[in-house]
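Reader: I'm new to this one. Can you put it up and walk me through it?

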Amino acid sequence: MIKESFRIYNDHLIKILILSVMIVIPLTLFNYFATYYFYTNLQEDQYPAMYAFFLIVVNFTLLIPVFKKLAVSDLLDEDDVSIWELSYEFIRHFGLIMLVTIPLYIVGMLGSSLLFIPTFICFSIILLVPFFVNQDKIRDVFKKVGRVFRDENIFLLLDFLVIVCLQVLVWSLFSLAFESFENNFYVYAVSRAIINALIYPVLIFYLTMRYVNIDSESGRYL
């Protein structure tokens, strides 16, 4: 799956670059500046880290429908999907993803005191919902999420660890590389945006193949 993810990335590199400039980089910069605002204006007892982590989560989940559609289109050998169609996926599913993410994130944070079990469940749903938002009914979305959670719960935990560790590793390396820059606030912001533009598509391609049932013979995904 990793090899296939990089193959899709390479085959659609131009589109990914355009989408990065149009969506990924602006979204990341907005979230980074919002995070800075929270840390600057909120006190410790107002939990600025909770808001910052929320922005990191939605920064990833909001991009899933865009790159999932690109991956599915490639794997099913469909007609070349346009930049507009991919961008529309971001706009079309923005509201539903946020509507699901906000309450589940709050429950997940509150549940961290209960051995992190509610946290794992809530964050699993937050991660999986964007892969199935194309369904006609909300009930169908959660039915597919429930099926994946039932069958892949251990692998979900491993995927969480991979995503988090990769983010921490790459970001730490860039932070070390740019710590000597005087104007490091903007350097960090641009660096973070470029990092997300480089690694998020590959991660989403991989997760799409892991969790979305793609039937190449019938030419559709289930």
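Predicted model: local features only at pLDDT ≥ 70, side-chain atom pairs only at ≥ 80, totals over all residues.

Reader: Okay. How many helices and strands in the chain?

Author: Eight helices and two strands. Reading from the N terminus, the order is α-α-α-α-α-α-α-α-β-β.

Reader: And what percentage of the 222 residues is buried?

Author: Buried residues make up 46% of the chain.

Reader: What about contacts between residues at least 6 apart in sequence?

Author: Of those, 73% join residues at least 24 apart.

Reader: Now the core. How many residues are in the largest nonpolar core?

Author: It has 58 residues. Those with the most contacts inside it are Phe60, Leu63, Phe67, Leu127, Phe131 and Phe205.

Reader: Which helices supply at least two residues each?

Author: α1, α2, α3, α4, α5, α6, α7 and α8 each do. α8 gives the most, with 11 residues.

Reader: Take Phe67. What is it in contact with, leaving aside neighbours within four places in sequence?

Author: Ile16, Leu19, Val24, Pro201, Ile204 and Phe205.

Reader: Switching to α2. Where is its kink centred?

Author: On Ser20, with a bend of about 50°. Ser20 is also among the buried residues of α2, as are Ile16, Leu19 and Val24.

Reader: How far apart are the end C-alpha atoms of α2?

Author: They are 39 Å apart. At 1.5 Å a residue, its 29 residues should span 42 Å, so the two values agree.

Reader: Next, pockets. How much space lies in the largest one?

Author: About 610 Å³. The lining has 22 residues. Phe53, Val57, Phe123, Phe160 and Val164 lie nearest the centre of the pocket.

Reader: Which helices supply at least two residues each of that lining?

Author: α3, α6, α7 and α8. The largest share is from α7, at nine residues.

Reader: Last one, Asp74. Which helix is it found in?

Author: Helix α4.

Reader: Is Asp74 buried or exposed?

Author: Buried. The relative accessible area of Asp74 is 13%, and buried means under 20%, so Asp74 qualifies.

Reader: And what does Asp74 touch, not counting residues up to four places away in sequence?

Author: Asp74 touches Arg7, Ile8, Asp11 and His12.

Conventions. Residues numbered from 1 in each chain as written. Heavy atoms only, no water. Core = buried A, V, L, I, M, F, W, Y, C linked by side-chain atoms within 4.5 Å. Buried < 20%, exposed > 50% of the residue type's maximum accessible area, 1.4 Å probe, protein only. Helix = DSSP H or I, 4+ residues; strand = E, 2+ residues; numbered from the N terminus. Contact = heavy atoms within 4.5 Å. Expected span 1.5 Å × (residues − 1). Bend = angle between axes of the 7 residues up to and from the residue. 1 Å grid on protein atoms, 1.4 Å probe; cavity = no way out; pocket = protein on both sides within 12 Å on 5 of 7 lines; lining within 4 Å. Points joined across faces, edges and corners; volume = space filled by probe spheres on them.
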